[in-house]
Amino acid sequence: MKKLLLSTMSLLTAAISMPSQAIEVTIDNTTNATVVFAFSYLNDQKDKSLDPDWLVEGWYNVNPHQKALVNLPSDNDVYYLYAEFSNGKKLEGGKGSIKLMVNDRSFAYKQKEVPKKLTRQATFLRARCNQGKSLIKIN
């Protein structure tokens, strides 16, 4: 049975870095399965028109043997992710995980304002970026 490996690694950045206004998540799917991702992140607090709140949104599709780039508008270095594979596997849980509602179709909401139409609960794992960048490599 093929093991599923997730490693969240920091990407190399320039010696002088500017403050990040987005989390840049690179997803490298080296499996034979399509993977769909949902994320939760703290909205960009530099935008004064938004109240600071954790947002939840999905789905981001990554086809087999493909890479994808997801930009999350946040200046926080912590985010949460959940993934489902077309072969039935899931990427979930772990230390520091949180339970959030998801839907089978695209969705977006504030954690404090969960829509009633969401159909099921998922366990999002905690991740951290380094200087606004993160790499999720799935083997």
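Trainee: How much of the chain counts as buried?
Mentor: A word on the ground rules: this is a predicted model, where local features need pLDDT of at least 70, side-chain atom pairs count only at pLDDT 80 or more, and totals for chains, interfaces and linings use all residues. Residues are numbered from 1 along each chain as its sequence is written, and side-chain values use heavy atoms, with hydrogens and water left out. Buried means under 20% relative accessible area, with a 1.4 Å probe and protein chains only. Of the 139 residues, the buried share is 40%.

Trainee: How many helices and strands does the chain have?
Mentor: Both are DSSP runs numbered from the N terminus, helices being H or I with at least four residues and strands E with at least two. The pattern along the sequence is β-β-β-β-β-β-β-β-β-β-β. That makes zero helices and eleven strands.

Trainee: Why is strand β3 largely enclosed by the rest of the structure?
Mentor: Look at both faces: Val-35, Phe-37, Phe-39 and Tyr-41 are buried on one side, and Val-36, Ala-38, Ser-40 and Leu-42 on the other. β3 (residues 35-42) is largely enclosed because its buried residues number eight of the eight.

Trainee: Which strand is joined to β3 by seven bridges?
Mentor: Two strands pair if DSSP finds at least two bridges between them. With β4 (residues 54-62), β3 pairs antiparallel over eight bridges, and there Leu-42 stands opposite Trp-54. On the β6 side, Phe-39 has Leu-81 as its bridge partner. The strand joined by seven bridges, also antiparallel, is β6 (residues 78-85).

Trainee: What is the relative accessible area of Phe-39?
Mentor: Phe-39 belongs to β3. Beyond residues up to four places away in sequence, Phe-39 has contacts (heavy atoms within 4.5 Å) with residues including Val-25, Tyr-60, Leu-72 and Phe-124. Phe-39 is buried, and its relative accessible area is 0%.

Trainee: How many residues does the largest nonpolar core have?
Mentor: Such a core is a set of buried Ala, Val, Leu, Ile, Met, Phe, Trp, Tyr and Cys residues joined through side-chain atoms within 4.5 Å. Phe-39 and Leu-81 are among those with the most contacts inside the largest one, whose residues number 22.

Conventions. Buried < 20%, exposed > 50% of the residue type's maximum accessible area, 1.4 Å probe, protein only.
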